[in-house]
Amino acid sequence: TAVKDGDEWVINGHKIMTSNGRVADFLVVMCRTEDDDSGNANLKMTQIIVPTDSPGLERIRSVPIWGHTGGDHMEIKYKDVRVPLENALGARGSGHQAAQDRLGAGRVYHCMNTIGQMWRAFDIMVKYSTQREVHGGKLETKQFIQGFIADSYIDIQAARLMTIHCAEVMDKGGNSRVDISAIKIFVPEAGSRVVDRAIQMHGWRGVSSDLPLAGMFQGFRTLRLADGPDEVHRILIAKQILKRYHDGLSWDFGV
Ligand SMILES: Cc1cc2nc3c(=O)[nH]c(=O)nc-3n(C[C@H](O)[C@H](O)[C@H](O)COP(=O)(O)OP(=O)(O)OC[C@H]3O[C@@H](n4cnc5c(N)ncnc54)[C@H](O)[C@@H]3O)c2cc1C
């Protein structure tokens, strides 16, 4: 929470996952600033800039992720941290909407990044299939492996086209909420499938650090949680679609 006191905000809270929190000079903290329980819950939040050297701000620890210690996802406590009122970003109560606006474009970026990695995994996998000999023939001659290649092509191309479509809707100023949630779910899942096949095809090499596949696998799995878990995005998609049908409309996949 952040409470107004004279010309300052007084911030108290405990936030466990703060990416880049170890090296950042300032944090953008999402604070509840409106304390009455009436009205829209999404209008109660304000984003406030907090310098990391503020008295009362304590970096508790770096949270180990996938067994890696010393990373930059921090647990942080705020005890009576004071910052000037002008550190609030935008209007009071606009924090939730501002976050959604930024996260939309951010999710497209994450998907573009994921597709680039899927493409790289695909390259590594297909090249290896033309080189490695097992049981009397190259991997590329085995139907299981041909299936890996074909299914990975389908996953990558579907992910790519869905992401381009979403970016086009955003560019045109259309309502992209469903498409953003759809790519946020689909692309990391498709990426996990592609990398899983690439790992399988490479035997021990796949899970070793000689190749980038293990890191990709962990990253794609993490994306199913970060920026909101997939379940929350599925609920959002269904609500948006159902609303149109309740309004007597239907869903138009062509726009
Ligand atoms: C590497 C990493 C970095 C992160 N960095 C940041 C950061 O910089 N800033 C930040 O604010 N957050 C950050 N997060 C937090 C991230 O946004 C949350 O982990 C995510 O939104 C899920 O919230 P939660 O972990 O509290 O899970 P919870 O909300 O406790 O949910 C737990 C699980 O319950 C299920 N669930 C939740 N809601 C529903 C529902 N309505 N219906 C059905 N099932 C549901 C889902 O499976 C979910 O995974 C980071 C997370 C990770 C993994």
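**View 1. Make-up of the shell around the ligand.** By class, 5 nonpolar, 5 polar and 3 charged residues form the shell around the ligand. The model is predicted. In total, 13 residues surround the ligand. K15, M17, S19, L225 and E231 are the closest.

**View 2. Polar atoms at the ligand.** K15 places a polar side-chain atom 2.9 Å from an oxygen atom of the ligand. At M17, a polar backbone atom is 3.3 Å from a ligand nitrogen atom. At S19, an N or O atom of the side chain is 2.8 Å from a nitrogen atom of the ligand. On its own, the ligand has 970 Å² of accessible area, and the protein covers 48% of this.

**View 3. Elements and domains around the ligand.** β2 gives the most, with 4 residues. Domain 1 (2–93) and domain 2 (96–246) both give residues to the shell, so the ligand lies between them.

**View 4. The largest pocket.** Its volume is about 1,800 Å³. The lining holds 47 residues, and K15, M17, T18, S19 and D227 lie nearest the centre of the pocket. By class, the lining has 22 nonpolar, 21 polar and 4 charged residues.

**View 5. Elements and domains lining the largest pocket.** α1 (95–129) gives the largest share of the lining, 10 residues. Other elements that give two or more residues include β3 (26–32), β4 (45–51), β6 (73–84) and α5 (213–223). Both domain 1 and domain 2 give residues to the lining, so the largest pocket lies between them.

Note on methods
Residues numbered from 1 in each chain as written. Predicted model: local features only at pLDDT ≥ 70, side-chain atom pairs only at ≥ 80, totals over all residues. Heavy atoms only, no water. Near = heavy atom within 4 Å. Polar contact = N/O pair within 3.5 Å; in protein donor to acceptor, adjacent residues only side chain to side chain. Areas by Shrake-Rupley, 256 points an atom, 1.4 Å probe, with all protein chains shown as cover. Nonpolar A, V, L, I, M, F, W, Y, C, P; charged D, E, K, R; others polar. Domains from an automatic or database assignment. 1 Å grid on protein atoms, 1.4 Å probe; cavity = no way out; pocket = protein on both sides within 12 Å on 5 of 7 lines; lining within 4 Å. Points joined across faces, edges and corners; volume = space filled by probe spheres on them.
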